[in-house]
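Work through the exercises below with the sequence and the model open. Try each task before reading its solution.

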Amino acid sequence: MDFPLFETLCIEQQQIKNCAYHQQRYERTLYQFYGESAVKIYDLFEIIHLQPEFLNLTSLTRCRIDYNATTFQIQFFPYQRCKITTFQPVICDEIDYSLKFSDRTLLSHLLEQRGDCDEIIIIKQGKVTDCSIGNLVFRQGEQWFTPDSPLLIGSQRTYLLDTGKIKEKTIFAEDIAQFDEIRVINAMNGLV
């Protein structure tokens with residue numbers, strides 16, 4: 001079965017984090033990729049809870065849902081957070097990752113250019129976008145900013161914007177040095 005799209009959710013102490021935000025993106029992605037006539041929508045909260053493995057999850061878990069227009073596949077993986085402290089800017093003007101595609105070949109190729117750094121910062125048309133595994137946030141004093149030109153509108157990013165913990169800002173490649181700190185945010189990694 002071909003699953004061109006996927007969603008990653010964080011499960012911690014049997015609580016699915018930001019599930020409503022994932023549901024919104026999942027539904028929006030289905031309509032964008034397949035159109036309204038070819039879509040069967042599942043309730044992510046429900047299908048995760050129906051998995052027999054869900055009841056046995058005790059540690060931090062990454063839940064991956066691969067899907068297409070009519071069906072899905074769910075996998076659970078133990079997750080260990082890691083600290084990313086060094087970034088290599090990489091220019092790629094042709095990248096399009098506006099949907100959470102299963103094919104991450106170009107992202108993997110860009111990541112190979114990180115050299116001795118932990119992660120990359122993808123620069124598109126001179127603007128900071130994302131890294132290979134999520135959105136980015138930049139601290140300036142006490143305020144956190146996220147680029148207003150992300151490749152993918154992440155669920156964690158949307159949550160942090162909605163709750164006022166971060167703000168959008170145009171960030172050009174030459175602006176990176178102005179910031180005090182950079183962090184990666186994604187379903188598994190919040191601001192704290």
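**Exercise 1. Find the residue with positive phi that follows helix H4, and describe the helix.**

Solution. Step one: go to the end of H4. The helix is followed by Gly164, whose phi is positive, near 75°. Helices here are DSSP runs of H or I with at least four residues, strands are runs of E with at least two, and both are numbered from the N terminus. This is a predicted model, in which local features need pLDDT of at least 70 and side-chain atom pairs count only at pLDDT 80 or more, while totals for chains, interfaces and linings use all residues. Residues are numbered from 1 along each chain as its sequence is written, and side-chain values use heavy atoms, with hydrogens and water left out.

Step two: list the buried residues of H4 (residues 155-162). They are Ser155, Gln156, Arg157 and Leu160. Buried means under 20% relative accessible area, exposed over 50%, and partly exposed in between (1.4 Å probe, protein chains only).

Step three: see what covers them. The cover includes helix H1 and the strands S8 (135-140), S9 (143-147), S10 (167-169) and S11 (181-185).

**Exercise 2. Describe how domain 1 and domain 2 meet.**

Solution. Domain 1 spans 5-78 and domain 2 spans 87-185. Such bounds come from an automatic or database domain assignment. The C-alpha centres of the two domains lie 23 Å apart.

Step two: count the residues. Contact means heavy atoms within 4.5 Å.

Step three: take the area. About 1,200 Å² is buried between the domains, and carbon and sulfur atoms give 59% of this. Buried area is the accessible area (1.4 Å probe) that two parts lose on being put together, summed over both. On the domain 1 side, Phe6, Tyr21 and Arg25 supply 51% of the area buried against domain 2, more than any other three residues.

Step four: count the polar links. Five residue pairs are in polar contact between the domains, both residues at pLDDT 80 or more. A polar contact is a pair of N or O atoms within 3.5 Å; within protein, one must be able to donate a hydrogen and the other to accept it, and residues adjacent in sequence count only if both atoms are side-chain atoms.

Step five: trace the elements. S1 (5-12), H1 (19-34) and S3 (61-67) each give at least two residues to the side of domain 1 that touches domain 2. H1 gives the largest share of that side, six residues.

**Exercise 3. Is Glu7 buried or exposed, and which residues does it contact?**

Solution. Step two: check accessibility. Glu7 has a relative accessible area of 1%, so it is buried. Step three: find its partners. The Glu7 side chain makes a polar contact with the His22 side chain (2.7 Å). Leaving aside neighbours within four places in sequence, Glu7 has contacts that include Arg25, Leu44, Tyr67 and Lys100.
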